Amino acid sequence: MTKPTFIRCVFACLVLWSQDAAHAATAARREAAVDRVFAAFSPHAPGCAVAVYRNGATEFEKGYGSANLETSTPIDPQTVFDLGSTSKQFTAAAIVLLAEDGKLSLDDDIRKYLPEMPDYGSPVTIRQMLHHTAGLRDYVTLLTFADIDYDDVSTPAQALAMLARQKQLNYRPGDSFLYSNSGYFLATQIVERVSGMSMREFARQRIFGPLAMKHSFYKDDHAEVVPHRASGYVPEEGGRYRISQPNWEETGDGGVQTNVVDLARWVANFTAPRIGGDAFVREMERTGALNDGQPLDYALGLMVSTHRGRKMVHHGGSWGGYRAEILRFPEVGLGVATLCNSANADASALAIATADLWLADAPAPTASAKEDARQAVSPIREDGAGKTSPARAGTYRNPDSGSLRRVEIKDGVWIEAFGGRYRLVPRPDGSFEMVGGPFEARYRFLARPEGGLELQQSAMERTIRFEELELHHPSKAELQSYVGGYRCDELGVVYRLQTNGSELYRIDSRGEREAFQPLRRNEFSYGNLTMRFDIDSSGRARHAILDIGRVRNLDCPRLR
């Protein structure tokens, strides 16, 4: 070897060594940063698996916490989790594949395939179901308020029969958006009837198999043993946990079991499609619109929004003790999956915090993208009635969904939300941060006369306004006027209400006492159910009308 050649080889080796050292340093820096994001997850408590994908390759994957508290099995990238509602994108993919096969159209009336569903006067299309604009009442809500617990075994036949009993929709198809699991459950029924296969088998043959997602499947048997699966948990006071793994066998709106290793192949399919092709990707990410033309940020099992000026395609999931998030930034080829087995893990916030570590090194977004981002965020009003106010005890309601927030000031500020009670801690900007909840959430109390409460879920860049309710405290005579049985044919149950003179309550099918909290006159709540009474001229209740978030105006006539 000549001397010049030798020098060139040495120089090339030094360059490669320098590049490798730089890459190693960057990888170490990022791992340390991700460790800080997930620092709250102890090896002796439930936790999460996280993976970062870029341009079709996995750049980072790691597990934090315990997959099983009984065996002290640690979470690793191979650990299998339940995706909850993050499964919806796979169900939508199955429908799109059948449409590409010419077996159906997304604009077909669902009764073409599901003739047992009622004729509501206006056709409900498959596309409207997948965009959550169909107006279908949510079957999960219906079953739970028919006294079917998450620990009970619930079958697709039960859910289909429940939906076939519904006499009306929440609204005329296409007029509004209201998230409903029913559309995706019914999509599974359509896939099965059109393909002649179970949803599980169709997904194996058309999605998971071709993508070599060896550990991914729809779980349709509650008693099935799933190797290397994490148990789901909900936290209790004193640092304890309880197992939370619902026994429901419905799929479509949920049910997919997978790990962050397999999800690398799914995320990559949106960049270099191995199933469906470019038209498949465009259809999956095409957002919907209402009848009046108002655009939505919901596509087919995917939400399309912006984060820090960049387009973000994402969907979270929540089921039992599981939390999940898959998000992608198509413009920079970045994807993140976070799968957790604790009900108080905010998988969406964790995924975004992880993505931010990689976005910091990505090219700056374009000016038009930044403008889109500003338009996508619902700003906090700081003028007039929108000024921030100190914390105020009371009951607040989302006028769109009917969901409630109860604020108590006693040894601090506390809020009942998301099925639990959480402390609100003041921040320098006048907002209050919820501690220990399932989502990263901040609340702002708005000054009167308008008043109200604003929930800002910063991870998803959206703000929800709650109205402040002026509560009515009923007299003994008023409480007595509500006592009796109310036949809820659409639920298949009778609600029998009683009073002890100071409160209204019912005993459910398990013998548990459920007390109703007074709201406005002739209106009560328990959990996320609102029950309002239709009163006759004598002052006696004739009907109880139920609003349960994703179920509206369910009429229960009083028994004679």
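This is a predicted model: local features need pLDDT of at least 70, side-chain atom pairs count only at pLDDT 80 or more; totals for chains, interfaces and linings use all residues.
The C-alpha trace spans about 110 × 60 × 50 Å along its principal axes. Of the 560 residues, 51% count as buried. Among contacts with a separation of 6 or more, 59% come from residues 24 or more positions apart. The protein chain exposes about 24800 Å², and carbon and sulfur atoms supply 51% of that area.

Leucine 357 has a relative accessible area of 23%. A residue counts as buried under 20%, so leucine 357 is classed as partly exposed. With neighbours within four places in sequence left aside, leucine 357 is in contact with Arg30, Ala33, Val34 and Val37. Arginine 392 lies 35 residues from leucine 357 in sequence, and the two C-alpha atoms are 37 Å apart.

**View C. Helix 10, residues 347–359.**
The helix has 13 residues and reaches 18 Å from its first C-alpha to its last, close to the 18 Å expected at 1.5 Å a residue. Eleven of the 13 residues are buried, so helix 10 is largely enclosed by the rest of the structure. The buried residues include Ala347, Ser348, Ala349, Leu350, Ala351 and Ile352. Thr354, Ala355, Asp356, Trp358 and Leu359 are also buried. An α-helix has 3.6 residues a turn, so residues three or four places apart point the same way.

**View D. The open sheet of eight strands, in the order 23-24-25-26-27-28-29-30.**
Pairing in this sheet is antiparallel. Strand 23 (484–488) and strand 30 (554–557) are the edge strands, and each pairs on one side only. Neighbouring strands are turned against each other by 30 degrees on average, direction ignored.

**View E. The pairing of strand 23 with strand 24.**
Strand 24 covers residues 493–499 and runs antiparallel to strand 23, to which five bridges join it. Arginine 487 stands opposite valine 494, a residue of strand 24.

**View F. Aspartate 508 in the loop between strand 25 and strand 26.**
Aspartate 508 has a relative accessible area of 9% and is buried. Once its neighbours within four places in sequence are left aside, aspartate 508 is in contact with Asp147 and Glu514. The C-alpha atom of aspartate 508 is separated by 32 Å from that of leucine 69, 439 residues apart along the chain.

**View G. The open sheet of three strands, in the order 5-9-6.**
Pairing is antiparallel. Strand 5 (81–82) and strand 6 (217–218) stand at the edges with a single partner strand each, so one side of each is left without a neighbour in the sheet. Strand 6 pairs with strand 9 (residues 256–258) in the antiparallel sense over two bridges. Tyrosine 218 stands opposite valine 256, a residue of strand 9.

How values were computed: Residues are numbered from 1 along each chain as its sequence is written. Side-chain values use heavy atoms; hydrogens and water are left out. Helices (H or I, at least four residues) and strands (E, at least two) are DSSP runs, numbered from the N terminus. The expected span of a helix is 1.5 Å times one less than its number of residues. Buried means under 20% relative accessible area, exposed over 50%, partly exposed in between (1.4 Å probe, protein chains only). Two strands pair if DSSP finds at least two bridges between them. Axes are lines fitted to C-alpha atoms, for helices over the stretch in contact, and angles run from 0 to 180 degrees between N-to-C directions. Contact means heavy atoms within 4.5 Å. Accessible areas come from the Shrake-Rupley method with a 1.4 Å probe; for residues, only the protein chains shown count as cover.
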